[in-house]
Amino acid sequence: MTYNLFISHSWAYSDAYSKLTELLSNAPYFNFKNYSVPKDDPIHNAPNDYQLRAAIKNQMQHASCVLILAGVYATYSKWINIEIQLAQEMGKKIIAIQPWAAQRTSQVVKNAADEIVGWNTSSIVNAIRGY
């Protein structure tokens, strides 16, 4: 089975996103399609917030669940908060991933999450398989 995922992330913190996609790619017996908005996607050049929001919604509609890195920066990210809102509007399950060894995490993300997991392959994959 292939899992359709939307991984919410901030390009200012793209290291964590890259590590997460690598972790999922290396997970045994786990296949996924990434519907996230890549850094070089033309969506980033949308002429206004309305069109960018619509483009993100279009990407997210294919996902079975939404993964959100729960770093404290997420609390202050306009677009991550919009992605949370879109996921909730579409009835997508939200899985919050607490960054490895993080002292502080985003309460906004954790409050929105259907499930909160730690930064390890089996926890993340098991949460995705649960949806």
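Two strands pair if DSSP finds at least two bridges between them; strands (E, at least two residues) and helices (H or I, at least four) are DSSP runs, numbered from the N terminus. This is a predicted model, where local features need pLDDT of at least 70 and side-chain atom pairs count only at pLDDT 80 or more, while totals for chains, interfaces and linings use all residues. Residues are numbered from 1 along each chain as its sequence is written, and side-chain values use heavy atoms, with hydrogens and water left out.

**Exercise 1.** Work out the strand order of the open sheet and find its edge strands.

*Solution.* 
- Step 1: line up the five strands, and you get E2-E1-E3-E4-E5 with parallel pairing.
- Step 2: look for strands that pair on one side only; these edge strands are E2 (31–34) and E5 (115–117).
- Step 3: zoom in on E1 and E2, which pair in the parallel sense over four bridges. Asn4, for instance, has Lys33 in E2 as its bridge partner.

**Exercise 2.** Track down the aromatic pairs and say how their rings are arranged.

*Solution.* 
- Step 1: apply the cut-offs: rings of Phe, Tyr and Trp (its six-membered ring) pair if their centres lie within 6.5 Å, and planes under 30 degrees apart count as stacked, over 60 as edge-to-face and the rest as tilted. That rule gives two aromatic pairs.
- Step 2: take Tyr3 and Phe30, which are stacked at 5.3 Å centre to centre with 15 degrees between the planes. Tyr3 sits in strand E1 and Phe30 in the loop between H1 and E2, 27 residues apart.
- Step 3: check burial, where buried means under 20% relative accessible area, exposed over 50% and partly exposed in between (1.4 Å probe, protein chains only). Tyr3 is buried at 11% relative accessibility, and Phe30 is buried at 4%.

**Exercise 3.** Find the salt bridge and say which helices its two residues lie in.

*Solution.* 
- Step 1: search for a side-chain nitrogen of Lys or Arg within 4 Å of a carboxyl oxygen of Asp or Glu; the count comes to one salt bridge.
- Step 2: name the partners: Arg53 and Glu89, at 3.6 Å from N to O.
- Step 3: Arg53 lies in helix H2 (residues 49–60) and Glu89 in helix H3 (residues 78–89), so the pair ties together parts that are 36 residues apart in sequence.
- Step 4: check accessibility; Arg53 comes out partly exposed, at 24% relative accessible area.
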